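Welcome! Please take a moment to look at the sequence and the fold below, and then we will walk through them together.

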Amino acid sequence: MTNNSYTQVISNEEINKVKLENAKKIILQLQTELTELITNGSGPFLAAVIDENGNIISKTANSVVSEGCSNNHAEMNAIKMAQKNLGTYDLTKFNLSLYVTAEPCMMCIGGIMWSGIKNVYYGVPSKLVEDITGFDEGFKPNWFEEFKNRGITVYGNIEVEAGEKVLHNYVNTGKTVYQPER
């Protein structure tokens, strides 16, 4: 069962109920889609880049194992696809939001910061991802405040229980939890 501290939505701005309700719908949809994608070989995370009018610019799952590249996290894949679709490395002028089924790891935080994404909405917090999968989310000091200082809004812990179920299913079916051997 989810710890109550994980079910409390957190943000680096005053919570806007309209933004939150929209994010809940999108995160739940991503979790539903992710279940099928996992069955077809994708990793346990899904991300979508969406514009301010609700248009999906890109949506893609984690492909680290299937493509043999440790950089292929869902967030990085979605950002790369959005940049390709929009023809630029700087997404700032498009006022885009990134929705992801789990809290971004250390690498993805850097990618998001440098991409020009304006808003980040995520499901399962890193601590639960680590507890369920054993994946090392990395060192992320004060990332909420650092994003706020850079004009990036973050909402987290959205529809955590739905995401937990997907992650438990991934692990329980014997899928690879990738990480370097140390």
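## A first tour

Starting at the N terminus, the elements of the protein follow the order α-β-α-β-β-α-α-β-α-β-α-α-β-α. That gives 8 helices and 6 strands, where helices (H or I, at least four residues) and strands (E, at least two) are DSSP runs numbered from the N terminus. This is a predicted model, in which local features need pLDDT of at least 70 and side-chain atom pairs count only at pLDDT 80 or more, while totals for chains, interfaces and linings use all residues. Residues are numbered from 1 along each chain as its sequence is written, and side-chain values use heavy atoms, leaving out hydrogens and water.

Now for the inside. A nonpolar core is a set of buried Ala, Val, Leu, Ile, Met, Phe, Trp, Tyr and Cys residues joined through side-chain atoms within 4.5 Å; buried means under 20% relative accessible area (1.4 Å probe, protein chains only). The largest such core has 35 residues, and Val49, Ile117 and Phe147 touch the most other members. Its largest share, 4 residues, comes from α4. Apart from this core lies another, of 18 residues, including Val9 and Ile27.

Phe147 touches, among others, Asn12, Ile109 and Val154, leaving aside residues up to four places away in sequence; contact means heavy atoms within 4.5 Å.

Here are some overall values:

| Property of the protein | Value |
|---|---|
| Buried residues | 49% of the 182 residues |
| Contacts with a separation of 6 or more that join residues 24 or more positions apart | 68% |
| Span of the C-alpha trace along its principal axes | about 40 × 40 × 30 Å |

Notes:
Buried < 20%, exposed > 50% of the residue type's maximum accessible area, 1.4 Å probe, protein only.
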